[in-house]
Amino acid sequence: MSDRTSTTVRTLATAAIALAALGYLVARAIHVPLTYDEAASYFSYAAAGPIALFDFNVATNHFLNSVLSRLSHAFFGADEWALRLPSLAAGAGYVACAAAVSRGARDAAVGLAGMLLLTTNPYVMDYLALSRGYGLALALVLGSVLMLGAW
């Protein structure tokens with residue numbers, strides 16, 4: 001197989017994995033009922049007013065997620081998918097960073113295996129589809145890993 005063909009196959013396989021991961025995240029965000037943690041976090045911080053956003057007495061306030069959920073609620077309403085939109089955006093960024101990190105592998109099989117490992121971890125997928133700060137943190141950390149590798 002030529003290098004050009006191998007690169008094309010690798011790119012298509014990475015794109016297929018990325019699209020499957022994103023489809024899964026969107027489906028989870030739409031169909032999974034709101035969890036207790038999501039609701040408690042939203043009502044305690046995002047919906048309680050601007051002062052409540054700065055209440056850090058309990059570890060359930062993920063500041064960036066609370067602010068973004070409040071904005072998403074203001075623009076799109078109180079649907080579950082709207083509250084999860086910041087995490088879904090972070091999920092898209094996470095998948096894009098995972099593809100970029102896997103593309104940096106010298107061996108195509110290692111790169112694809114890395115992409116699969118980064119995007120099929122059930123805990124990671126769960127966090128990227130729920131309105132909690134963990135998905136945003138995971139996306140930002142993987143983006144930092146990508147930038148560190150580029151540096």
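Biologist: Which residues touch the most other members of the largest nonpolar core?

Modeller: This is a predicted model, so local features need pLDDT of at least 70 and side-chain atom pairs count only at pLDDT 80 or more, while totals for chains, interfaces and linings use all residues. Residues are numbered from 1 along each chain as its sequence is written, and side-chain values use heavy atoms, leaving out hydrogens and water. A nonpolar core is a set of buried Ala, Val, Leu, Ile, Met, Phe, Trp, Tyr and Cys residues joined through side-chain atoms within 4.5 Å, where buried means under 20% relative accessible area with a 1.4 Å probe, protein chains only. Among the 20 residues of this core, the ones touching the most other members are Leu25, Tyr94, Val95, Met115 and Leu128.

Biologist: Which helix gives the largest share of this core?

Modeller: Helices here are DSSP runs (H or I, at least four residues), numbered from the N terminus. Two or more core residues come from each of helix 1 (3–31), helix 5 (85–103), helix 7 (122–128) and helix 8 (133–150). The largest share, 7 residues, belongs to helix 5.

Biologist: What does Tyr94 touch, not counting residues up to four places away in sequence?

Modeller: Contact means heavy atoms within 4.5 Å. On that basis, Tyr94 touches Leu118, Val124, Leu128, Leu138, Ala139 and Leu142.

Biologist: How does helix 5 run relative to helix 6, roughly parallel or roughly antiparallel?

Modeller: Axes are lines fitted to C-alpha atoms over the stretch in contact, with angles from 0 to 180 degrees between N-to-C directions. The axes of helix 5 and helix 6 (residues 108–120) come within 8 Å and cross at roughly 155 degrees. Angles over 145 degrees count as roughly antiparallel, so helix 5 and helix 6 are roughly antiparallel.

Biologist: How many charged residues sit in the contact of helix 5 with helix 6?

Modeller: Tyr94, Val95, Ala98, Ala99 and Ser102 of helix 5 meet Gly111, Met115, Leu118 and Thr119 of helix 6. Asp, Glu, Lys and Arg count as charged, Ala, Val, Leu, Ile, Met, Phe, Trp, Tyr, Cys and Pro as nonpolar, and the others, Gly among them, as polar. The tally is 6 nonpolar, 3 polar and, for charged, none.

Biologist: At roughly what angle do the axes of helix 3 and helix 8 cross?

Modeller: Helix 3 (residues 63–76) has its axis within 8 Å of that of helix 8. These two helices are roughly perpendicular, a label for angles of 65 to 115 degrees. Their axes cross at roughly 110 degrees.

Conventions. Buried < 20%, exposed > 50% of the residue type's maximum accessible area, 1.4 Å probe, protein only. Parallel < 35°, antiparallel > 145°, perpendicular 65-115°, else oblique.
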